[in-house]
Amino acid sequence: MNCKSFDRLIGSFIENKGEIREAAEFIRHMDACESCRKDFETDFYAFWGLKMLGDPDLDSYDIQEEMDRMITDTRARIKNDQSIRIIIGLLIAAACIIVLFIILNH
Ligand SMILES: [Zn+2]
C-alpha cells in the first residue's frame with residue numbers, strides 16, 4: 001500500500017468500514033510511514049471531535065484511548081483472520097491427502 005491509497009482508506013477505516021485484508025495493509029503502512037500515521041491521527045481526532053460537538057453524551061470521550069483500542073482491536077482481528085486462513089488451508093490439505101489415499105488404495 002502506498003501513501004495515496006492509505007489516504008483514500010483513512011475515512012472508511014475510522015468509521016470501521018474497512019475490509020479486513022485492507023485493514024492489514026493499512027496497519028502495516030501506518031507502522032512503517034510516520035507521515036501517514038500523523039495524517040490518520042489528525043483525521044481521527046477531527047472525526048471524533050465533530051461527533052462530540054453534535055452529541056453531548058460523548059462529552060467525556062477519550063479520543064486517544066478510543067484510537068488505541070481501535071488499532072489494538074484491528075491488529076487482533078487481523079491475527080484471528082490469519083489463523084482462520086491457516087486452519088482452513090490445513091483442512092483442505094488434509095482433505096486432499098485423504099482423497100488421494102482413497103484413490104490410490106482403490
Ligand atoms: Zn505513507
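Modeller: The protein has four helices and zero strands, where helices (H or I, at least four residues) and strands (E, at least two) are DSSP runs, numbered from the N terminus. Read from the N terminus on, its elements follow the order α-α-α-α. Please keep in mind that this is a predicted model, in which local features need pLDDT of at least 70 and side-chain atom pairs count only at pLDDT 80 or more, while totals for chains, interfaces and linings use all residues. Residues are numbered from 1 along each chain as its sequence is written.

Before the packing itself, the overall form is worth a moment. The protein has a radius of gyration of 20 Å, whereas a compact globule of 106 residues would have one near 13 Å; the radius is taken over C-alpha atoms, and the globule rule is 2.2 Å times the number of residues to the power 0.38. Along the principal axes, the C-alpha atoms fill a box of roughly 70 × 30 × 15 Å. Buried residues make up 6% of the 106 residues, a residue being buried if 20 or more other C-beta atoms, placed from the backbone, lie within 10 Å of its own, exposed if 12 or fewer do, and partly exposed in between.

Now to the helices. Two packed helices are described by the angle between their axes and the distance between the axes. Here the axes are lines fitted to C-alpha atoms, for helices over the stretch in contact, and angles run from 0 to 180 degrees between N-to-C directions.

Helix α1 (residues 3–14) packs with helix α2 (residues 20–32) at an angle of about 115°, their axes being 11 Å apart. Their crossing is left-handed, a term used if the near helix is turned anticlockwise from the far one by less than a right angle, with right-handed used if it is turned clockwise. In this pair, Phe6, Leu9 and Phe13 of α1 meet Glu22, Ala23, Phe26 and His29 of α2, two residues being in contact if their C-beta atoms, placed from the backbone, lie within 7 Å. Sorted by class, the contact of α1 with α2 has five nonpolar, one polar and one charged residues; Ala, Val, Leu, Ile, Met, Phe, Trp, Tyr, Cys and Pro count as nonpolar, Asp, Glu, Lys and Arg as charged, and the others, Gly among them, as polar.

Helix α1 also packs with helix α3 (residues 34–54), where the axes come within 10 Å and cross at roughly 25°. The two helices are therefore roughly parallel to each other, since angles under 35 degrees count as roughly parallel, over 145 as roughly antiparallel, 65 to 115 as roughly perpendicular and the rest as oblique. This crossing of α1 with α3 is right-handed. On the α1 side the contact is made by Cys3, Phe6, Asp7, Ile10 and Ile14, and on the α3 side by Cys36, Asp39, Phe40, Asp43, Phe44 and Phe47. These residues divide into eight nonpolar, no polar and three charged.

The next pair brings in helix α4 (residues 63–104), which packs with α2 at an angle of about 120°, with the axes 10 Å apart. That angle makes α2 oblique to α4, and the crossing of the two is left-handed. Ile20, Ala23, Ala24 and Ile27 in α2 meet Ile71, Thr74, Arg75, Arg77, Ile78 and Asp81 in α4, and by class this contact has six nonpolar, one polar and three charged residues.

Met1 lies in the segment before α1 and, with 18 C-beta neighbours inside 10 Å, counts as partly exposed. Leaving aside residues up to four places away in sequence, Met1 touches Phe6, Glu25, Phe26 and His29. Ser12, which lies in α1, is partly exposed, with 14 other C-beta atoms within 10 Å. Ile84 has its place in α4 and is exposed, with 10 other C-beta atoms within 10 Å. Between Ile84 and Ser12, 72 residues apart along the chain, the C-alpha atoms are separated by 24 Å.
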